[in-house]
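Okay, everyone, thanks for making time. Let me put the model up and walk you through a few contacts.

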Amino acid sequence: MEFNEKLQELRRKKGITQEELASALFVSRTAISKWESGRGYPSIESLKAIAKYFSVTLDELLSGEELLTAAEEDGKRREGNIRDLMFGLLDIGIALLLFLPFFAERTGDAVYSVSLISLDGIQPYLKLIYLSIVALTTVFGVVTLALQACQAAAWLKCKGMASLILSIVAVALFTVSLQPYASIFTFALLVIKALMLIKRR
C-alpha cells in the first residue's frame with residue numbers, strides 16, 4: 001500500500017476529516033489533499049508528526065523507496081527556502097543605494113559620491129526612475145521573505161524569475177545612465193543570484 005493510501009486509511013479509521021487532520025498537524029487542508037492524492041510527500045517533520053498523531057512508526061507509513069523520495073523532496077524544499085531567503089535579502093539589500101554613496105554628482109569641476117537620497121545633480125525624472133526600481137526591488141524582497149511558506153503554483157513559478165528581471169533592469173539602468181558604482185553594486189547582487197541558480201542545477 002502506498003503512503004497516500006495509508007494516510008487516507010489512517011484518517012478514516014480515526015474518523016476525522018482532512019480539515020481536522022490539517023489542524024492537528026498545523027498544515028493546510030490543501031497539503032493533506034495533495035498527500036492523499038499522491039501528488040507529493042510531507043516534509044520529514046510532518047511525517048514525524050503524522051506518525052506520532054496516528055501512533056505508528058515511519059516504517060509503517062513509508063516503504064524504503066518512499067522514504068528516500070520524501071527525503072529528496074524535503075531536501076529540495078529546504079534548498080528552495082534557503083534560496084528564497086537569500087533572494088529576498090539580496091533584493092532588500094538594494095535599498096543600501098538610498099543611503100550609501102554609490103552615485104556620482106558633478107558640482108562645478110568636482111565629482112562627489114553621494115547616496116541616492118542626496119543625489120540632486122540629475123534630471124528629476126531620472127532620480128524618480130532610480131527610486132522606483134530600488135523601491136520595487138526592495139518591496140519584492142520583503143514579499144519574497146513574507147511568502148516563504150506560500151505554495152501557490154503561480155508564485156513558485158514566477159518569484160525567482162521576477163527577482164532576476166528586477167536585478168537585470170537595475171544593472172541596465174545604472175549602466176546606461178553612467179552610474180558605475182551603482183551598476184557594479186547591482187551587478188554583484190545579480191551575479192550572486194545567478195551563482196545560486198547554477199549551483200542548484
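**Helix packing and salt bridges**

Let's start with helix H2 (residues 18-25) and helix H3 (residues 29-36), which pack at an angle of about 110 degrees with their axes 8 Å apart. Before I go on: this is a predicted model, so local features need pLDDT of at least 70 and side-chain atom pairs count only at pLDDT 80 or more, while totals for chains, interfaces and linings use all residues. Residues are numbered from 1 along each chain as its sequence is written, and side-chain values use heavy atoms, with hydrogens and water left out.

Helices here are DSSP runs (H or I, at least four residues), numbered from the N terminus. The axes are lines fitted to C-alpha atoms over the stretch in contact, and angles run from 0 to 180 degrees between N-to-C directions. With 65 to 115 degrees counting as roughly perpendicular, H2 and H3 are therefore roughly perpendicular to each other.

H3 has another pair for us. Glu36 and Arg11 form a salt bridge at 2.6 Å, N to O. That one joins distant parts of the chain, with Glu36 in helix H3 and Arg11 in helix H1 (residues 3-14), 25 residues apart. Glu36 counts as buried because its relative accessibility is 6%, and Arg11, at 10%, counts as buried too.

How many salt bridges does a search of the whole structure find? Seven. One more to look at: Asp84 and Lys159, whose closest N and O atoms are 2.5 Å apart. Asp84 sits in helix H6 and Lys159 in helix H8 (residues 153-176), so we're linking parts of the chain 75 residues apart. Both residues are buried.

Last stop, H6 again. Helix H6 (residues 64-93) also holds Leu85, which is partly exposed, with a relative accessible area of 37%. Okay, over to you.

Technical notes
Helix = DSSP H or I, 4+ residues; strand = E, 2+ residues; numbered from the N terminus. Buried < 20%, exposed > 50% of the residue type's maximum accessible area, 1.4 Å probe, protein only. Parallel < 35°, antiparallel > 145°, perpendicular 65-115°, else oblique. Salt bridge = Lys/Arg side-chain N within 4 Å of Asp/Glu carboxyl O.
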